[in-house]
Amino acid sequence: MASGGKGILYSITSCLLWPMFFALGLAGAYFAFQSSTPLLWFNVVYLPIVALIALAERIMPYERSWLSKDGETFNDVAHTLLTKGTVQVVAAIGATLPMGVATLATPFLSAPFPYWPHDWPLVLQIVLGLFVAELGLYVAHRAAHENMFIWRFHALHHSVGRLWVVNTGRFHFVDSLFKIALSQAPLYLLGAPLPVFLWIGAVTAFIGLLTHCNLDVRTGPLDYVFSTPRLHRWHHSRVLVEGNTNYCENLVLWDQIFGTYFNPSRPSPIDIGISGRISESFWGQLTQPFSAKGAKQILGRAPKVAPEAAKEPFVSDQPQTSSARD
């Protein structure tokens, strides 16, 4: 599980893999966004990077037991393609159309609070957009852990017993819509341009792949800026006070501000999952949260209570129902 004792080359590779994959993804996104069909070419870039990360997981896994099949691969892929993927495509179309209409149509269709700094360099606009969108993602993600009604949809993502690149997109479509609404609405209201939406989507896509990957990577100082695999494994912990931390999805600023950042010195956990029961079928997983019986199954028994030594992070007094670590 740890990379110690495996040689200097292994250690160097372990340090370089995360920034290398992230930089490769952003470089591919840059060329995709220069084309006349940016969404098409972005997916052309995205899928090979998924394959490369999956190959790297076989060579340098963080947890070797996570390489074993868990019977959820079909469901993981189906959720990615049919729910999260569809929602992202719709959101991208929704981002394109309003920006064009706001530019060309009558003034009353423009952003209600047009304070976006359009004169800034695009890089700075993207950074600002990431901070704004991340706050919405943080609020949505934290609410999904502290509110029992929202948790019934988010629990699907935490129900896996292993993390690997393929279950990055394992989200219920209601969960995805909720996060998209809270993260993108402020950008619409402020009048952010389309390139900002596209670049935020690219950053989120590639960091999402890397936070869920089963790679033995050393991220060191990056843990204080980005959401990394180490931080996200804590978020998937079965121990409640470990799991209800590290809610940020790209930049960890809001976790640090609101006291939910958790990065102890000990190795991040491999005992992940939830205390409730999720349907085994894809269709069942989609419909289960909508019935009282299904919600009761999802909530399950009370989650684990952390030992005294583990009680390091912030603990909310809200009704917390997840048992995830990262």
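Biologist: Is valine 139 buried, exposed or partly exposed, and at what relative accessibility?

Modeller: First, the ground rules. This is a predicted model, where local features need pLDDT of at least 70, side-chain atom pairs count only at pLDDT 80 or more, and totals for chains, interfaces and linings use all residues. Residues are numbered from 1 along each chain as its sequence is written, and side-chain values use heavy atoms, without hydrogens and water. Buried means under 20% relative accessible area, exposed over 50%, partly exposed in between (1.4 Å probe, protein chains only). Valine 139 has 41% relative accessibility, so it counts as partly exposed. It sits in helix α4.

Biologist: Which residues of α6 are buried?

Modeller: An α-helix has 3.6 residues a turn, so residues three or four places apart point the same way. In α6, the buried residues are Asp175, Ser176, Lys179, Ser183, Gln184 and Leu187. Alanine 185 also lies in α6. Its relative accessibility is 35%, so alanine 185 counts as partly exposed.

Biologist: Where does α6 bend?

Modeller: A bend is the angle between axes fitted to the seven residues ending at a residue and the seven starting there. Helices are DSSP runs (H or I, at least four residues), numbered from the N terminus. Helix α6 covers residues 173-190. It bends by about 35° at glutamine 184, and proline 186 follows within four residues.

Biologist: What comes just after α6?

Modeller: Glycine 191, with a positive phi of about 85°.

Biologist: How far apart are alanine 185 and glycine 136 in sequence and in space?

Modeller: They are 49 residues apart in sequence and 8.5 Å apart in space, C-alpha to C-alpha.

Note on methods:
Helices (H or I, at least four residues) and strands (E, at least two) are DSSP runs, numbered from the N terminus. The expected span of a helix is 1.5 Å times one less than its number of residues.
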